[in-house]
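This briefing sets out the secondary structure, helix packing, salt bridges and selected residues of one protein model. Please read it alongside the sequence and the coordinates shown here.

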Amino acid sequence: MTGHNYLVPTQVQNGETLSLYANMYGCSVDDIKKVNSLKGDKLKEGQTINVPVGKKWKLPTSDDNVLDKKLSWFNDQVNDVHMKLYEPNLKPAEREKLEGQYIKLMNMKKERDAVATFKKAGNGINLVLEVKKEISVAEFRKLFPECTRNFYDYACDTNQRYCDDEQHTWVADPNSVYLEKGAKIMVRADEYAKDEGDTGWSGFCRSWKKTMPSWLGGGRLDGK
């Protein structure tokens with residue numbers, strides 16, 4: 001088991017697999033099986049296993065400028081949680097919590113990658129949202145909480161509006177407004193992970209803290 005620094009004990013949760021642990025801790029399935037004298041690949045919920053910690057890995061990020069940092073914000077969140085898992089002195093409860101956060105983030109990443117991508121516009125100032133499959137604005141904002149843009153103008157363009165009885169005005173209903181597959185929508189950079197007057201990394205982090213999912217310590221799921 002060359003390259004493994006230490007073993008971490010972890011309790012198996014429902015749906016967790018050997019390949020998941022191997023990816024999480026930078027080792028192989030065979031390594032885990034050998035350490036735990038496992039003959040098969042199946043794990044039981046509640047079972048405690050020792051995982052040999054291997055080489056750390058990180059998702060691609062960019063530190064070139066503020067816009068690049070915004071585009072790589074999600075990978076930064078995954079990396080932050082993942083790197084904490086490599087702390088050998090974590091308490092069992094802390095490790096289980098981090099593993100849960102990591103799994104949710106990785107599942108969320110798969111969904112995000114299947115739904116849409118943000119890219120820099122040709123002017124190098126704004127972003128372009130490229131929609132890969134049809135999705136409601138409400139669902140989109142759950143997957144992309146960093147995006148503060150309401151897409152009301154998109155709703156008006158496609159005539160997908162409803163009457164707000166309280167204000168007696170026509171506004172977009174995020175539950176009925178859909179972003180169409182293949183659509184490309186320009187998004188102003190300050191409407192994506194807004195910096196609140198601070199164009200530096202600290203301002204960006206403040207914005208993310210406000211819009212991040214509650215299970216990551218934030219207060220919003222809809223990105224409003």
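**Helix 4 and the overall model**

Helix 4 (residues 73-84) has 12 residues and spans 17 Å from its first C-alpha to its last, close to the 16 Å expected at 1.5 Å a residue; the expected span is 1.5 Å times one less than the number of residues. Helices (H or I, at least four residues) and strands (E, at least two) are DSSP runs, numbered from the N terminus. The model is predicted, and local features need pLDDT of at least 70, side-chain atom pairs count only at pLDDT 80 or more, and totals for chains, interfaces and linings use all residues. Residues are numbered from 1 along each chain as its sequence is written, and side-chain values use heavy atoms, with hydrogens and water left out.

**Burial in helix 4**

- Helix 4 is mostly covered, with 9 of its 12 residues buried; buried means under 20% relative accessible area, exposed over 50%, and partly exposed in between (1.4 Å probe, protein chains only).
- The buried residues of helix 4 are Trp73, Phe74, Asn75, Asp76, Gln77, Val78, Asn79, Val81 and His82.

**Overall composition**

- The protein contains 8 helices and 9 strands.
- Of its 224 residues, 44% count as buried.
- The protein exposes about 12500 Å², of which carbon and sulfur atoms supply 48%; accessible areas come from the Shrake-Rupley method with a 1.4 Å probe, and for residues only the protein chains shown count as cover.
- Among contacts (heavy atoms within 4.5 Å) between residues at least 6 apart in sequence, 62% join residues at least 24 apart.

- Helix 5 (residues 92-115) has 24 residues and reaches 35 Å from its first C-alpha to its last, close to the 34 Å expected at 1.5 Å a residue.
- Buried residues of helix 5 include Arg95, Leu98, Glu99, Tyr102, Ile103, Met106 and Arg112.
- Helix 1 (residues 18-25) packs against helix 5 at an angle of about 100°, with their axes 12 Å apart; axes are lines fitted to C-alpha atoms, for helices over the stretch in contact, and angles run from 0 to 180 degrees between N-to-C directions.
- That angle makes helix 1 roughly perpendicular to helix 5; angles under 35 degrees count as roughly parallel, over 145 as roughly antiparallel, 65 to 115 as roughly perpendicular and the rest as oblique.
- Leu20, Tyr21, Asn23, Met24 and Tyr25 of helix 1 meet Arg95, Glu99, Tyr102 and Ile103 of helix 5.

**Packing of helix 1 with helix 2**

- Helix 1 and helix 2 pack at an angle of about 105°, and their axes are 8 Å apart.
- Helix 1 is therefore roughly perpendicular to helix 2.
- Leu18, Ser19, Tyr21 and Ala22 of helix 1 make this contact with Val29, Ile32 and Lys33 of helix 2.

**Salt bridges**

- The structure holds 6 salt bridges, each being a side-chain nitrogen of Lys or Arg within 4 Å of a carboxyl oxygen of Asp or Glu.
- Arginine 112 and glutamate 146 form a salt bridge through their side chains (3.3 Å, N to O).
- Arginine 112 lies in helix 5 and glutamate 146 in the loop between helix 6 (137-143) and helix 7 (152-157), so the pair ties together parts that are 34 residues apart in sequence.
- Both partners are buried: arginine 112 has 7% relative accessibility, and glutamate 146 has 1%.
- Lysine 33 pairs with aspartate 41 in a salt bridge (3.0 Å, N to O), and lysine 33 counts as buried at 17% relative accessibility.
- Glutamate 139 forms a salt bridge with lysine 142, their closest N and O atoms being 3.7 Å apart.
- Glutamate 139 and lysine 142 both lie in helix 6, 3 residues apart, about one turn of the helix.
- Glutamate 139 is partly exposed at 40% relative accessible area, and lysine 142 is partly exposed at 46%.

**Selected residues**

- Lysine 119 lies in strand 3 (residues 116-120) and counts as partly exposed at 44% relative accessibility.
- Leaving aside neighbours within four places in sequence, lysine 119 is in contact with Leu71, Asn126, Leu127, Val128 and Glu130.
- The C-alpha atoms of lysine 119 and leucine 67 are separated by 9.9 Å, with the two residues 52 apart along the chain.
- Serine 37, in the loop between helix 2 (29-36) and strand 2 (48-52), has a positive phi near 55° although serine 37 is a residue other than glycine.
- Serine 37 is exposed, with a relative accessible area of 64%.
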